[in-house]
Amino acid sequence: MIIVMKTGASQLQIDGIEKFLKEHGFGVHISVGTERTIIGAIGDERELAVSPLEVMSGVDKVMPVVETYKLASRNFKPETTVIKVKGQEIGSDKLAIMAGPCSVESPEQILDTALYLKSQGANFLRGGAYKPRTSPYAFQGLEEEGFRMLAQAGQEAGMPVISEVVSPVSLEQALKYVDIVQVGTRNMQNFHLLKEIGKLKIPVLLKRGLASTIEEWLNAAEHIMSGGNYNVMLCERGIRTFEVATRFTLDLSAVPLIKELSHLPVFVDPSHGTGKSKLVAPMSRAAIAAGADGLMIEVHPNPKEALSDGPQSLDFKAFNCLMDDITKIAGIVGKKIQI
Ligand code: PEP
Ligand code: MN
């Protein structure tokens with residue numbers, strides 16, 4: 001349930017509610033807003049009648065949460081979450097552009113890409129070190145060496161870095177090198193991994209499972225948040241439908257819908273969402289117009305030679321055009337590019 005405190009409720013009153021809830025076996029999550037404090041009580045609501053809470057000092061109202069997810073819900077936190085990573089903002093009126101190759105392939109490849117992306121205004125450098133591939137014979141990633149190359153390139157270019165983790169072992173390694181961890185589509189419901197990330201404070205980009213509903217996706221975010229890590233951002237990356245002309249079907253309606261249901265920042269990945277480099281710019285424009293807080297774009301110095309996902313990767317020139325395009329759309333929807 002959600003306990004909305006009165007405007008101006010004192011810390012003593014908030015502490016009183018927290019103590020009461022804990023005594024009744026509830027997990028307590030407090031969201032301090034600009035106007036008022038909202039307390040999320042997670043536990044078996046049959047254990048507690050609503051009425052005693054409603055008359056407690058400082059309480060405005062007590063609401064049951066109808067959604068299966070609670071901490072990820074906008075009812076719990078009306079203000080959109082803003083996550084700050086090394087001076088870059090995610091979720092504010094500034095767009096967050098994450099770009100880089102699907103896989104880190106060599107120190108030169110990732111550094112050249114990083115320097116170019118930085119010069120074009122990208123905010124975060126992406127690069128996969130653990131690659132969950134459909135075929136066991138396809139390139140599987142450079143693992144810890146890949147994290148190291150990514151971190152080095154990010155440092156030289158002055159960009160925070162993001163990379164995918166697939167297991168507790170890769171997570172432990174990643175923590176030494178990356179600023180944001182990515183949970184890929186295939187691991188969205190790897191609850192053991194989500195719980196491990198939930199124990200940390202590291203920002204996490206949670207991609208939508210390729211066959212997951214929005215409710216399942218928000219519940220996956222809840223798995224992370226219920227452990228105490230609220231630094232979660234979501235990324236729509238396409239879902240499996242009957243359509244095979246594109247690699248996946250990019251569900252852009254998820255963007256405004258999630259904005260209504262949740263306070264978490266929402267990204268769109270048109271590279272995996274379409275599988276075709278020529279569709280990346282139009283779908284990026286559409287994503288920004290639909291209200292996305294940022295984009296994740298695959299960029300490679302020479303897409304034809306990429307070890308993974310070449311057909312959907314932009315070359316440098318195409319990325320330059322994309323940035324011009326989205327700068328224009330951003331202005332129309334009240335967002336700006338951040339330097
Ligand atoms: C990726 O970002 O390279 C990736 C594998 O993404 P997804 O999990 O969305 O397929
Ligand atoms: Mn990829």
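Me: Y116 and F316, buried or exposed?
Reply: Y116 is buried, and F316 is buried too. Keep in mind that this is a predicted model.

Me: How are the rings of Y116 and F316 arranged as a pair?
Reply: The aromatic pair of Y116 and F316 is stacked, with 4.4 Å centre to centre and 5 degrees between the planes.

Me: And where in the chain do Y116 and F316 sit?
Reply: Y116 is in helix α3, residues 107-119. F316 is in helix α11, residues 316-332.

Me: How many aromatic pairs does the structure hold?
Reply: There are three. One of them joins Y130 and F147; this pair is tilted, at 5.6 Å centre to centre and 45 degrees between the planes.

Me: Which parts does the pair of Y130 and F147 tie together?
Reply: Y130 lies in the loop between β8 (124-126) and α4 (144-157), while F147 is in helix α4, so the pair ties together parts 17 residues apart in sequence.

Me: Why does Y130 count as buried?
Reply: Y130 counts as buried because its relative accessibility is 10%, and buried means under 20%. F147 also counts as buried, at 0% relative accessibility.

Me: Which residues form a cluster with Y130?
Reply: F147 and Y177; with Y130 they form one aromatic cluster.

Me: New topic. What sits over the ring of F248?
Reply: The charged end of R237 does, 4.2 Å from the centre of the F248 ring.

How values were computed
Residues are numbered from 1 along each chain as its sequence is written. Chains are lettered from A and ligands numbered from 1 in the order in which they are written. This is a predicted model: local features need pLDDT of at least 70, side-chain atom pairs count only at pLDDT 80 or more; totals for chains, interfaces and linings use all residues. Side-chain values use heavy atoms; hydrogens and water are left out. Rings of Phe, Tyr and Trp (its six-membered ring) pair if their centres lie within 6.5 Å; planes under 30 degrees apart count as stacked, over 60 as edge-to-face and the rest as tilted. Helices (H or I, at least four residues) and strands (E, at least two) are DSSP runs, numbered from the N terminus. Buried means under 20% relative accessible area, exposed over 50%, partly exposed in between (1.4 Å probe, protein chains only). A charge sits over a ring if NZ of Lys or CZ of Arg is within 6 Å of the ring centre and within 35 degrees of the ring normal.
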